[in-house]
Amino acid sequence: MQRPVRATTKLLYRYSDDKPLIVQFAAKNVDDFVSAAELISPYSDGVDLNCGCPQRWAMTEGYGAELLSNPQLIKEMVQQVRNSISKPFTVSVKIRIKNDLKETIHLCQNLEACGVSFLTVHGRTVKERSEPVNTEAIRTIVDSVNIPVIANGDIKSLSDCFRMNELTNCKGVMAARGILQNPAMFAGMEKTPLCCIQDWVDLCSKSDVQFQCYHHHLVFMLEKVLSKIERNTFNFLKTFDQVNNYLTEKLSINIPTAIKTKKCQVEYSDIQDGSYFKSKISQTSELEDCLHDTFLFHS
């Protein structure tokens, strides 16, 4: 784990009432995954191993979907966590389907045998991006194991959830971009209600969240709320003041004083290599203070 231990445990403790909480890690060796699981186990209900991220930078470093080429390592990572931390703490794995579906089924059955609690399956291969999700493959996996399977891919509305369940018989669904664009999606909302925007601003006022995370989530949530012209303006704002003024003037969002006084300014990286920031960080004394609570999640 590259995040400081103190910052990680502080964050998890802060939201200890948010249950159940599963923490997903990108890991590429047994020791790191076990250590991370042991670290967060007092503050969460389970740990998930990300074997589904297809981004080139992650796979080059041996993370994410690259692990699918080494099923024995995945099995050992699950086994060691299962042996180190007793139930009801869960150990789960998120995967993508392989070109040869038989290999995927074999992997899932082996993980079930070594104690995995549930599996999440994204219905595309590593090289597929916008192609339709292979619901038939997910259904075949569901029928091949006796543990819960969570289906993932193209979940953008509540109706998509029901449709996925009907097609695959999955026990649940995972949404990534869909829930980022609309946190009220599971409540049946077609777009993000303004009360969610207000909730996000209020939550950020009580935490150490930094500008990129603050703005990044607002960009997602306002995608269906703002017009294209409005998005072209909002998406390129670069400071707390600019964003807060826009939210107040255009959407009548109340900005708490704690957000108004935040000064750290971070520029987005133009390089898609896994680094989240350029080196320019102004008005902060410590780089770590600015970065330590900023996250970027991938499906």
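These are my notebook entries on a few residues I looked up in this structure.

**Ground rules.** I am working with a predicted model, where local features need pLDDT of at least 70, side-chain atom pairs count only at pLDDT 80 or more, and totals for chains, interfaces and linings use all residues. Residues are numbered from 1 along each chain as its sequence is written, and side-chain values use heavy atoms, with hydrogens and water left out.

**Leu158.** I found Leu158 in helix α7, residues 158–168. Helices here are DSSP runs (H or I, at least four residues), strands likewise (E, at least two), numbered from the N terminus. Leu158 counts as partly exposed because its relative accessibility is 26%. The cut-offs are under 20% relative accessible area for buried, over 50% for exposed, and partly exposed in between (1.4 Å probe, protein chains only). Next I looked up its contacts, setting aside neighbours within four places in sequence: Leu158 touches Met185, Phe186 and Gly188. Contact means heavy atoms within 4.5 Å. I also checked Met189, which is 31 residues from Leu158 in sequence but 8.0 Å away in space, C-alpha to C-alpha.

Most residues other than glycine have a negative phi, and most peptide bonds are trans.

- Lys87 and Pro88 are joined by a cis peptide bond, with omega about 15°. Pro88 sits in the loop between α4 (71–84) and β3 (90–96).
- Asn169 is not a glycine, yet its phi is positive, about 65°. I placed Asn169 in the loop between α7 and β6 (172–174). At 38% relative accessibility, Asn169 is partly exposed.
- Ser252 also has a positive phi, near 60°. Its loop runs between α12 (240–251) and α13 (257–260). Ser252 is exposed because its relative accessible area is 64%.
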